[in-house]
Amino acid sequence: MESQRNEAKKGPKESLLIVRPAIRSLGLDYLHVTLIALIIVLIAFAFGLSQFKQGILIQSCSYGAYANQTCITPVHNSSQALAAAQQILASYTSVNTSLSLLPYYTYANRANVSYIANQSEWLVTFPYSNPLVNNETQYFSILLYDSNLSVAMPLIQTIPPTLYTKNMVISKGVVKIYNKVACTQGGPMQVYAFVDPYAPQALQGISSALNATSRYGNSINLTYKFIFTGYAISQYKGYGINETQAMAEYLWCASTQPRFQAFIANFSLVYNGRPMQNYTLEQVAQGSGLNTGTLNACVENSTSVLDAQATIAQFYGIITTPSYVVDCQYDAIPVTLNESIAYALNSR
């Protein structure tokens with residue numbers, strides 16, 4: 001009984017719940033360790049991004065790339081290289097060989113321009129129509145130093161021109177004269193035909209001018225400038241200056257009359273490349289239907305006119321004839337006169 005009373009005094013038994021603490025690492029539980037590890041990873045990733053530099057995209061380099069994958073950057077661009085080559089090409093007009101025809105037969109607007117990185121040079125290749133080989137299309141190349149765009153090498157069979165004019169080949173048959181601008185826009189476009197009467201192709205030059213006048217009509221105003229180059233000067237010793245120049249005076253005055261084409265047709269029948277007597281010239285004028293009174297008055301006062309024409313020729317740098325100046329800014333020869341006129345009219 002005593003023991004039962006003692007048990008009753010103690011009351012009912014309580015359940016014992018044993019709670020064990022989680023395993024700890026440096027005083028941190030798993031959750032905190034995971035968060036710290038994640039933060040460390042994020043910091044490392046951010047540092048890596050700050051040190052990363054985007055690589056050069058090789059395909060975006062216009063002229064290729066160096067071994068270190070940086071773009072090659074020439075001193076000049078392709079447009080500048082082409083313009084320099086067009087000027088060099090135009091300078092061949094001053095060469096005393098068949099190469100002087102090259103600028104007038106070249107398709108400058110079809111040129112191919114490429115940069116040779118390992119040589120720091122530009123290669124410009126022009127197609128041209130070779131008049132000496134049935135107008136076959138051939139190619140002429142000019143190599144330029146990138147540093148100053150001077151000639152490194154022209155076509156391997158040729159030498160560079162000795163005189164650089166600064167003129168520029170624009171298109172086939174079109175050579176732009178340096179530092180010259182278009183004539184006044186009002187009225188017909190001006191075309192000047194420069195002819196030394198004693199040059200081998202003098203009659204061809206006049207004939208080409210007459211054909212252009214017929215073809216373009218009132219769109220152009222073609223005037224003749226009779227000048228004296230080495231061909232005329234070579235006649236001075238045998239015939240004298242006055243008689244030599246007299247033929248140019250008659251030609252100039254005849255060109256101002258409507259029957260000039262008939263005069264040239266008859267003139268070509270008696271022309272032999274040497275000065276003619278005044279009597280012969282008068283007979284040609286009469287037989288061609290020219291107004292002889294007007295013609296004679298013009299001849300008497302033509303000296304100052306021919307002097308002025310020589311000044312104009314000098315202004316445009318005319319050294320060979322026959323040649324033409326179209327719209328006060330384009331140089332042409334007989335076979336390319338129509339192309340030059342057409343280009344100038346379309347550019348207005």
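I searched the whole structure for disulfides, taking one to be a pair of cysteine sulfur atoms within 2.5 Å, and the search finds 3 of them. I looked at one, which joins cysteine 61 to cysteine 71 with an S to S distance of 1.8 Å. The torsion about the S-S bond of cysteine 61 and cysteine 71 is about -70°, so I note this disulfide as left-handed. Both cysteine 61 and cysteine 71 sit in the loop between helix 2 (30–51) and helix 3, 10 residues apart.

Before going on I note that this is a predicted model, in which local features need pLDDT of at least 70 and side-chain atom pairs count only at pLDDT 80 or more, while totals for chains, interfaces and linings use all residues. Residues are numbered from 1 along each chain as its sequence is written, and side-chain values use heavy atoms, with hydrogens and water left out.

I take helices (H or I, at least four residues) and strands (E, at least two) as DSSP runs numbered from the N terminus, and I call two strands paired if DSSP finds at least two bridges between them. I found an open sheet of 4 strands in the order 1-2-3-4, with antiparallel pairing. Its edge strands are strand 1 (112–116) and strand 4 (151–153), each of which pairs on one side only. Neighbouring strands of this sheet are turned by 35° against each other on average, direction ignored; for such angles, axes are lines fitted to C-alpha atoms, for helices over the stretch in contact, and the angles run from 0 to 180 degrees between N-to-C directions.

I then followed the pairs. Strand 1 and strand 2 pair in the antiparallel sense over 5 bridges, and isoleucine 116 stands opposite glutamate 121 in strand 2. These two strands form a hairpin with 4 residues between them, and serine 120 in the turn has a positive phi of about 55°. Strand 2 (residues 121–130) and strand 3 (residues 136–145) pair in the antiparallel sense over 10 bridges, where tyrosine 128 has glutamine 138 in strand 3 as its bridge partner.

Helix 3 lies across strand 1, strand 2, strand 3 and strand 4, and runs at about 50° to strand 2; contact here means heavy atoms within 4.5 Å.

Strand 5 and strand 6 (residues 174–176) pair in the antiparallel sense over 3 bridges, and methionine 168 has lysine 176 in strand 6 as its bridge partner.

Pockets and cavity

On a 1 Å grid over the protein atoms alone, I take a cavity as a set of points where a 1.4 Å probe fits but cannot get out, and a pocket as an open set with protein on both sides within 12 Å along at least five of seven lines; lining residues have an atom within 4 Å of a point. Grid points are joined across faces, edges and corners, and a volume is the space filled by probe spheres set on the points.

The largest pocket has a volume of about 950 Å³. I counted Thr93, Tyr104, Thr320, Thr321 and Ile333 as lying nearest its centre, among 36 lining residues.

The second largest pocket has a volume of about 290 Å³, and strand 8 gives the most to its lining, with 4 residues.

Which residues line the largest cavity? I list Pro197, Ala202, Leu203, Ile206, Met247, Leu251, Phe267 and Tyr271, around a volume of about 30 Å³. Helix 5 gives the most to this lining, with 3 residues.
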